[in-house]
Each structure stands twice: as structure tokens, then as C-alpha cells.
Amino acid sequence: MTTVAPSPHARDLSDAPDWWRQAVVYQVYPRSFADTNGDGLGDIPGITSRVAYLAELGVDAVWLSPFYPSALADGGYDVADYRDVDPRLGTLADMDELIAQLHAHGIRVVVDIVPNHTSDKHAWFQEALAAGRGSAARERYIFREGTGPDGSEPPTDWVSVFGGSAWERVSDGQWYFHNFDVSQPDLNWANPEVRADFLTTLRFWSDRGVDGFRVDVAHMLTKDLSEPLPSRAELDAMPIDGNHPLIDRDDVQEVYAEWRAVFDEYDPPRTAVAEAWVHPSRVPLYASAASLGQSFNFDLLEADFDAGQFRRIVADNLALAAESGSSTTWVLSNHDVVRHATRYGLPDAERGADGRPTLKHGNEWLLSGGRTPALDAERGERRARAAALFLLGLPGSAYLYQGEELGLHEVADIPDAERQDPTFFRSPGVDLGRDGCRVPLPWTASDTAFGFGTGGAHLSQPEWFARYAVDAEDGVPGSTLELYRRALALRHELQTAEELAWTDGSSDDVVGFERPGGWVVVTNFGAEPVALPAGEVLVSSRLLEGDELPAETTVWLRRA
Ligand code: NOJ
Ligand code: CA
């Protein structure tokens, strides 16, 4: 048993089953956080070595992206064993130590659970391959015969989320279904053995002290694959109304009702947040207390830095949260999207086919880590700081992605030979993929790999990372790191009921709201300064001069 000295930053974890409702949750991408053994890959002891940093930052919880044994074909979202730690990242004992240290510092622990698919290295899939057609082992996955005279054509023309066919043929001629990479076979959630095994996994981590779960692609687990299977065109034309064969089916809620019963076996009950890309009207299903309890709202992550969009998104999501009784979640960045400092510095109109900001090959504005004429890096950071301070004032929980507290930009010019993300290989090479937001963090400006580890970094860091290193910002007035620290400390003091009242903006570019207790948050999204509202200034995303609120700036005030 580990004994841990109490931390000066520790908060009491003993009570408050509702801790998650307005928590600040910091996402750690373990391979890229801190490396203690010099193999270039971040590890669990690395996270433990930085717990004091997280405590000083003032976060309430840490969400760990997958650290399970994995071939790392999809950054760990290809899980080979749900109840172990990848030996390159550490051991179960290391996890116990990390959980103990985080708890001793008053920080809760959320782990990622990936139920839609396993890795093809998972013992179950290996068994399925060996056991052959018609076996019980194949029933844990989705195997079908091919089409065409000799079955050499896939069962359908469906495409995977990462590009290319959603079916892969195995040596005896059958095909298996994969929504994502070919190394990520989808599980068959109609199989009771699959369901039971995940309950075992939830208990395994809950018993070890984990406080909650982030549920990967929570809306895709259950499927209706009764024959005849529809074509891709037919599939695309079907409404996503609870009966779609693949997406957001009503019957997935039966799975989460079982999970809820497990969460409620614990005191305090374990929490969960759904990664569910569903129509807003369907979000309350996942967010309700009978289901996972909370569901990500990704609207800000897809929005421009624009007053009208921000105001509408806040209003809509607070109303949705009221419908389910949950609290909403605010997210500007995660491990799947272009970092928001960079998004906000790109020309406004640059969007992918799905409406999301994207980085593509052949666009000169993406070269040199965002330092080309078309990317206004400083403006991106200025807006990023304003957006973050706006978000941290909102009711609900805030999810931060490692490095955003440093104002870090996307690394857009990773050499093709270094790229790891399957979306890059399956697109093929058109979409640069997600490696650029997963480059290991800079801790120090002048050490090897910027203090990430002594043996380099698994994705190489550009020289300009020095400017964003923790030690370059630590204690520096006006740095992004100090802004986040101040905002998080203040948020703890000021946070009250999950309510806000809009205050009138002096122009369409200004969005303001007041929280109970006289806590006022005002953002000027526009390019011109406006009059600073009355009140005592608590923190601002940019230096204030005189009685003006500068362009692209947020201020927190206490109403006079
Ligand atoms: C969503 C995760 O956030 C992403 O990183 C992953 O590639 C897919 N789910 C598949 O697991
Ligand atoms: Ca390591």
C-alpha cells in the first residue's frame, strides 16, 4: 500500500457524489505527456511525476486516454486487454500509484473505455481467427460471408470512418466488420458474453479506485445487421432516429442501463461521459442519470470564434442539459482535432467536408508548424485564451486537453515518415490526421526533447516548442499557463449554482453573462475595443488598459 504525503493543493474528496457536474477535467494523452525511461514514449510513472503540476494547475480530475496493452495502431484506441497496462507504459502497480497520488492531491481519475471494438491483437479476436467460421469465438465479433461468385467481394460497400472498406477478409474467406481501422474489429453487442465482460472491466477499474469512465464512440455499439444488409447509399439515406442499423440505436441504452447498475454499486457512484456524436435531440438519452449520466457537447470545438455562434451554443446546451438533468460539458480541444490556438488563427473559411476545421496536404498555410503567412499564430493564441476564459466561466464541466494551458499550437509539418495516425494512411495521405495535436509536451525550454524525456520524443517536437515550455511560462505574468492557473483557482472560489443570466452586450460582438454571486464574464469577440463593463476586474485574457475591453478578450469581473 502506498502512503502519500498530503499535498498543499489537496481538496477533500470524501464527499460530493456530484463532483463531476462542474469539474475541470484535464485530458492526458499518456504517450505524449512525460517519459521517465527514455524510450521516447510517455508512460504512467511520467504522469505520476507531474501530479504536482496538475494540482498546481488546479484541475479537479484527470481523464487518461487509453494506456492499455495495444499495438498502437490507433493511438491506443485499439485495446488488446482492457484489464492491464501496456508494458511500455508501465504496470498495474504503476497505475495504483498514479491513482493514489492523484487522489492524495485531490484529483479524481477518469479512464477511457473503448467498447465498440477491440484490437485485432485481443485474445478474443485471435481466438476468432483460429476457431474458424460458425464458431462461438466468431460470434463475439461481426463476421459475414463475402459476395460475388467466390465470396471475394465484401458483404457490403460500406466505408469505415477512417476511410476504405469497412470489411476485411480473413484467410478462410470470411469478412469481419470494422467501423474504424482494419486493426479494430467491432464487437458484437448482441452477445451476452461481450456485455458481461465489460461489466467485469468496469468493476476492475472501479475497484482500483477509478472515479469515472469516458466512453469511446458510445453511440455505435449496438447494430442491426439482419439480412439483407442495405447498400451504402441506402444506409446513408436512412434517418438516424433510434432505428438506424449502425448509429445511435435506441437499444444501446439497454447496455448503459446495465452499466449504470454497476456504477451505482460504488460509493460515490462511478461517473461516465459519453463520446456520442448524435443529434442534439438524442443527447439527453445518454446524459440521463439512468444512462451514462453525462454526454460530450462538441459544439464549441466545431465553432468559429464568433459571438453569435458562442451565444447560441451556450443557450442550446444549457437547455439540453436541463432536459436530461445532467450538466453540460465544454470542450475546445482534444486528441482528435486541430488545436484551437491554431484553428482560431487560420483563415475563417478553411473547413473540411464535415464542417470541421481540418489540415490538408498541399496547403501552404500549414507548413512550418503554423508559422506561415496565412496562419496568424498570435491571433490564434489571443482568441484561444479568450475562448478558454469564457468557457471556464460557464456552468457545467470543462474538459481541457494537455498543452492548451500553454497556448500550444498544432504541429502541422510532421514528416510523412513519422506519422502514426491511421486516418493519414487510410485517406490516403490527404487528411494529415491527428498526430499534430499529439506531439509530446514541452516541459523545459532547453533540455533534450524539451524535458519530455531523455530519449527523444515519438513524434518530433519543433524548435518553436521552446516558447511554450512549462518552465518558460511558469511564474511569468501574462503567460497562458498563469492565466489558466488564476482562472482555475478563481473558478473554485466563485463556482456556485449551474445558472447564468445573459447580460446585455454593448455590441453584437460582445457576449456577457452573470453567474450567481455577482460573477460576471464578458467576451469581446470583435476586432475593435469596447467599453469595459463596471465591476472589480478579477482576471482577463489580455492585459487591460484604461477602461477598455480590447479586441478578442475575455474578462471576469465581480459586480460592483
Ligand atoms: C474516438 C477517439 O477519440 C478516437 O481517437 C478514436 O480513433 C476513435 N474513437 C476510435 O476508437
Ligand atoms: Ca517511456
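Ala, Val, Leu, Ile, Met, Phe, Trp, Tyr, Cys and Pro are counted as nonpolar, Asp, Glu, Lys and Arg as charged, and the others, Gly among them, as polar. The model is predicted, with local features requiring pLDDT of at least 70 and side-chain atom pairs counted only at pLDDT 80 or more, while totals for chains, interfaces and linings use all residues. Residues are numbered from 1 along each chain as its sequence is written, chains are lettered from A and ligands numbered from 1 in the order in which they are written, and side-chain values use heavy atoms, with hydrogens and water left out.

By this classification, the shell around ligand 1 comprises four nonpolar, two polar and seven charged residues. Of the 13 residues around ligand 1 (a heavy atom within 4 Å), those that come nearest are Asp-74, His-117, Asp-216, His-335 and Asp-336. Polar contacts are pairs of N or O atoms within 3.5 Å; within protein, one must be able to donate a hydrogen and the other to accept it, and residues adjacent in sequence count only if both atoms are side-chain atoms. Oxygen atoms of ligand 1 lie 2.7 Å from a side-chain N or O atom of Asp-216, 2.8 Å from a polar side-chain atom of His-335 and 3.0 Å from a side-chain N or O atom of Arg-214. The protein buries 97% of the 300 Å² that ligand 1 exposes when taken alone (Shrake-Rupley method, 1.4 Å probe).
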